[in-house]
Amino acid sequence: MKKNIALVLSGGGARGIAHIGVIEELEKQGFNIKSISGTSMGALVGGIYATGKMQEYKNWMYKLNKLEVFNLIDFNVGIQGLIKGDKVFNKMKEFIPDKNIEDLEIPYAAVAADIINNKEVVFTEGSVYNAIRASVAIPTVFTPVKTDEGLLVDGGVVNNIPVNRVKRTPDDILVVVNVNAHIPVYKPIISEKERARKESIYQKKVSEFKTHLQKINPLNNNKKIGYFDLINKTINLMIYHNAYLSFKQQPPDIMIEVSHNSCGTMDFYKAEEMVEIGRYAAIKSLKEYNKKLV
Amino acid sequence: MKYNILLISTLLLLLGMKVLQAQEVQQYQEKINTIEIAENTNPNYYIYPNSSSKDTSLLLNSSNENTKTNNTKKKVALVLSGGGARGIAHIGVIEELEKQGYEIVSISGTSMGSLVGAVYALGKMEEFKNWIYTMDKLDTYKYIDFSFSSQGLVKGNKVLKKMKEFIPDRNIEDLKINYSATATDITNKKEVVFTKGSVYKAVRASIAIPTIFTPVKVGDSLLVDGGVMNPVPINHVKRTKDDILIVVHVNANVPVYTPPISSEERKKRQLKYQKNIDTFQNEFNSKTKKEKLGYFKLINNTIGLLTYQISKMTIEKYPPDILINVSRESCDIFDFYKAEELVEIGRHAAINSLKEYNNKLD
């Protein structure tokens, strides 16, 4: 029975944490991930997995709920709201050392978008962190990455589900994980008390965060809307719609889908829930796949 | 002693300036954080997609009164893409189509395409064209404000208000041709297609480009520029039997065409425009403005690239009989001062595409 996998991980902000649950389930069911391609958060999780440090990353993400998330966010003075990202990545480098892509155990590719030259940029060598930093540079969250020729932002702008960038090997299974899927949310059961507790910690952080960013109340309460909220929503919708339109060709061997509505793009506090949602989605799709084989 | 007083007073002055500057920046930041939303009651649109929606392009309606025409004229279903100032090229295209004996019986437009389509359907394209030409001589900033502030975005409404003075509003269902304008419901992530009610209300929603015009609130939905999901609304144009489907795409990845306009005239316009840009840039301290403009360019480029990709996929999915391409390098989104040039660019593109089409027919 075929067990080798070529894995494609889509972008999707905090929803990309679901990729961790998917990978854990794939390994648990005895599959071998032989190559990876990813965009944005998919590039991050995929890259970290390829360096062999996904467990460390997951544990760190879980602990983050209790820490002052704030301390990791270094705002770019001048351009409002854009994060330089140095603090987060420097922190991560402490327990997930950088590596060159060509030295990883498996082939890996990360996708970014050059918005000066209007083209896709694919990282297949050099520092993994450089690749990830360019791939996650969401235009309303992270500062873009300057290169000699252009300006790199979130790969989702050109290729949010980089099926055409994953290295294939004979007899491998193509597995695509889309965390922006147009499906209803499937949530695993979490105790109400636990959820309420997490919710209140979150609310406090959110209001601190929002005060600092000078964002205002959601639009349905008000006749006003934050300018940056609007740009954010616009770009997210376009990335999502682009991927939806372009992903029409041959279906992959296994399609694992997580709903676009599972959580907000910045809801990193929901890490535990998203991992479980990913795991659940993988179990479901693998069951279907196994049925088809019989 | 005198020296100390001088030093202290200089320091106080500098401090005072810093405080003022900080205040100014603070006020500025407060302004740009909130924008007023226009309110639209009684909208007349259908939502796409929904369980029962069909692409109107698939509906043939040969018994429709509106499409009874002179037999010798070739009937056209015209799709006009969004594209900011580049949309002015649509005017040149329409003029050429009419000149060559085509009859436009239905239009679907997004953003600037919906605006030009509307003034044509209202029978006032000539007036509109002349008005835009005079805008070269006016201070463009009266209508389109670059300053990011809430006021700047709201000022966009002044354009439509001014237009209503010489192009009165009408209901879409009373127009002589089939017309639809496409907007995006960014709250529910759906397209909305206006097919009834006030033309201006439809255009106002369709043209609500997120960095230029404020969004339009309808109930719980927030409507913005149709180009966010459907910049080339081929699937929303009403088709009739034996018509020719023509798509005008003003974001195309094709080489720029530079029409022969006297270089002296162009230089004059460029100087005036440059002067306006410099005035705007001098409003803020150099660091803030350079980075804000950098941020603005970043967002615009990102959205531009995304729009282009959706356009490309749409045209591949619904290939038209005639595709008229205008280069996305023709001008920037705000370059309304280039109106005459853009009309010529549109005309030129139409002439070429129609020549190709006729050659194929022979």
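**Entry 1: the two chains.** I began with the secondary structure of chain A, which comes to eight helices and nine strands. I take helices (H or I, at least four residues) and strands (E, at least two) as DSSP runs, numbered from the N terminus. Chain B has 10 helices and 11 strands.

This is a predicted model, and I kept to its limits: local features need pLDDT of at least 70, side-chain atom pairs count only at pLDDT 80 or more, and totals for chains, interfaces and linings use all residues. Residues are numbered from 1 along each chain as its sequence is written, while chains are lettered from A and ligands numbered from 1 in the order in which they are written.

Next I looked up burial. A residue is buried if 20 or more other C-beta atoms lie within 10 Å of its own, exposed if 12 or fewer, and partly exposed in between, with C-beta atoms placed from the backbone. Of the 294 residues in chain A, 45% are buried; for the 362 residues of chain B I noted 41%.

Then I turned to contacts, meaning pairs whose C-beta atoms, placed from the backbone, lie within 7 Å. Taking contacts between residues at least 6 apart in sequence, 79% of those in chain A join residues at least 24 apart. The corresponding share in chain B is 84%.

**Entry 2: helices of chain A.** I started with α1(A), residues 18-28, where eight of the 11 residues are buried. Among them are A:Ala18, A:His19, A:Glu25 and A:Leu26. Just after this helix I found A:Gly30 with a positive phi of about 85 degrees.

The 20 residues of α7(A), 227-246, should span 28 Å, and the end C-alpha atoms are 29 Å apart, so the two agree. I also noted that 16 of the 20 residues of α7(A) are buried.

**Entry 3: a helix pair.** I looked at α3(A), residues 54-64, against α8(A), residues 271-293: their axes come within 8 Å and cross at roughly 135 degrees. That angle makes α3(A) oblique to α8(A). My axes are lines fitted to C-alpha atoms, for helices over the stretch in contact, and angles run from 0 to 180 degrees between N-to-C directions. Angles under 35 degrees count as roughly parallel, over 145 as roughly antiparallel, 65 to 115 as roughly perpendicular and the rest as oblique.

Which residues meet here? From α3(A) I listed A:Lys58, A:Met61, A:Tyr62 and A:Leu64, and from α8(A) A:Ala271, A:Glu272 and A:Val275. By class, this contact has five nonpolar, no polar and two charged residues.

**Entry 4: the core.** The largest nonpolar core has 158 residues. Such a core is a set of buried Ala, Val, Leu, Ile, Met, Phe, Trp, Tyr and Cys residues joined through C-beta atoms within 7 Å. Those with the most contacts inside it include A:Ala18, A:Leu152, B:Val119 and B:Leu223. The largest share of this core, 10 residues, comes from α7(A).

Entry 5: A:Asp114 lies in β3 of chain A, residues 108-114. I counted A:Asp114 as buried because it has 22 C-beta neighbours inside 10 Å. Beyond four places in sequence, its contacts include A:Lys119, A:Gly150 and A:Leu152.

B:Val193 sits in β7 of chain B, and with 25 other C-beta atoms within 10 Å it is buried. Its C-alpha atom is 9.5 Å from that of B:Pro233, 40 residues apart along the chain.

**Entry 6: positive phi in chain B.** Most residues other than glycine have a negative phi, so I checked for exceptions. B:Lys189 has a positive phi of about 55 degrees and is in the loop between β6 and β7 of chain B. With 18 C-beta neighbours inside 10 Å, B:Lys189 is partly exposed. B:Asp242 has a phi near 65 degrees, in the loop between β9 and β10 of chain B. B:Asp242 counts as exposed, with 10 C-beta neighbours inside 10 Å.

Notes: Two residues are in contact if their C-beta atoms, placed from the backbone, lie within 7 Å. Ala, Val, Leu, Ile, Met, Phe, Trp, Tyr, Cys and Pro count as nonpolar, Asp, Glu, Lys and Arg as charged, and the others, Gly among them, as polar. The expected span of a helix is 1.5 Å times one less than its number of residues.
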